[in-house]
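Work through the exercises below with the sequence and the 3D structure at hand. Try each task before reading its solution.

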Amino acid sequence: MHLKEQAKAIKTNIPALVIAMKHKNTPVGAKFLAALAVGYALSPIDLIPDFIPVLGYLDDLLIVPLLIALAVTCIPSEVLEQCKREAEQLHQEGQSKKWYYALPIIAVWLLIVWWVVSSCTQ
């Protein structure tokens with residue numbers, strides 16, 4: 001698979017994974033992997049910071065596709081295809097709410113900031 005095809009697959013699989021996390025026929029382990037993949041893809045924090053030359057982007061090029069591939073392999077094919085169709089339909093209708101996907105990440109970071117501030121003030 002060429003790099004362009006891989007990038008397109010990632011672009012279509014992330015919204016499908018978000019939909020698959022809500023699907024009742026998605027196994028719990030696959031939901032966890034999907035949440036991890038989407039969370040890492042949307043998170044501003046990386047294992048290797050992006051300001052480190054070459055290595056900073058290497059984790060994005062390896063970890064995100066690996067997590068997505070693992071999640072996709074754990075989701076039953078008929079469920080994944082249905083989720084891809086739903087994601088494509090939402091995209092075509094312009095109803096994709098990308099900010100909505102960031103809410104759990106924002107909530108986690110707010111909890112971390114609250115915990116650090118409350119720890120420092122005691």
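This is a predicted model: local features need pLDDT of at least 70, side-chain atom pairs count only at pLDDT 80 or more; totals for chains, interfaces and linings use all residues.

Residues are numbered from 1 along each chain as its sequence is written, and side-chain values use heavy atoms, with hydrogens and water left out.

**Exercise 1.** Find which residues of α4 are buried and which face they line.

Solution. Helices are DSSP runs of H or I with at least four residues, numbered from the N terminus. Buried means under 20% relative accessible area and exposed over 50%, with a 1.4 Å probe and protein chains only. In α4, V79, L80, C83 and A87 are buried. Seen down the helix axis, these buried residues fall within an arc of 95° (taken from the directions from the axis to the C-beta atoms), so they line one face of α4. On the face turned away from that side, α4 carries the exposed residues S77, E78, R85 and Q92.

**Exercise 2.** Describe how α2 and α3 are arranged.

Solution. Helix α2 covers residues 28-42 and helix α3 residues 55-74; their axes come within 8 Å and cross at roughly 155° (lines fitted to C-alpha atoms over the stretch in contact, with angles from 0 to 180 degrees between N-to-C directions). That makes α2 roughly antiparallel to α3, a term for angles over 145 degrees.

**Exercise 3.** Locate H23 and list its contacts.

Solution. H23 lies in the loop between α1 (3-22) and α2. H23 is buried, with a relative accessible area of 14%. Leaving aside neighbours within four places in sequence, H23 is in contact (heavy atoms within 4.5 Å) with K31, V79, Q82 and C83.

Notes
Helices (H or I, at least four residues) and strands (E, at least two) are DSSP runs, numbered from the N terminus. Angles under 35 degrees count as roughly parallel, over 145 as roughly antiparallel, 65 to 115 as roughly perpendicular and the rest as oblique.
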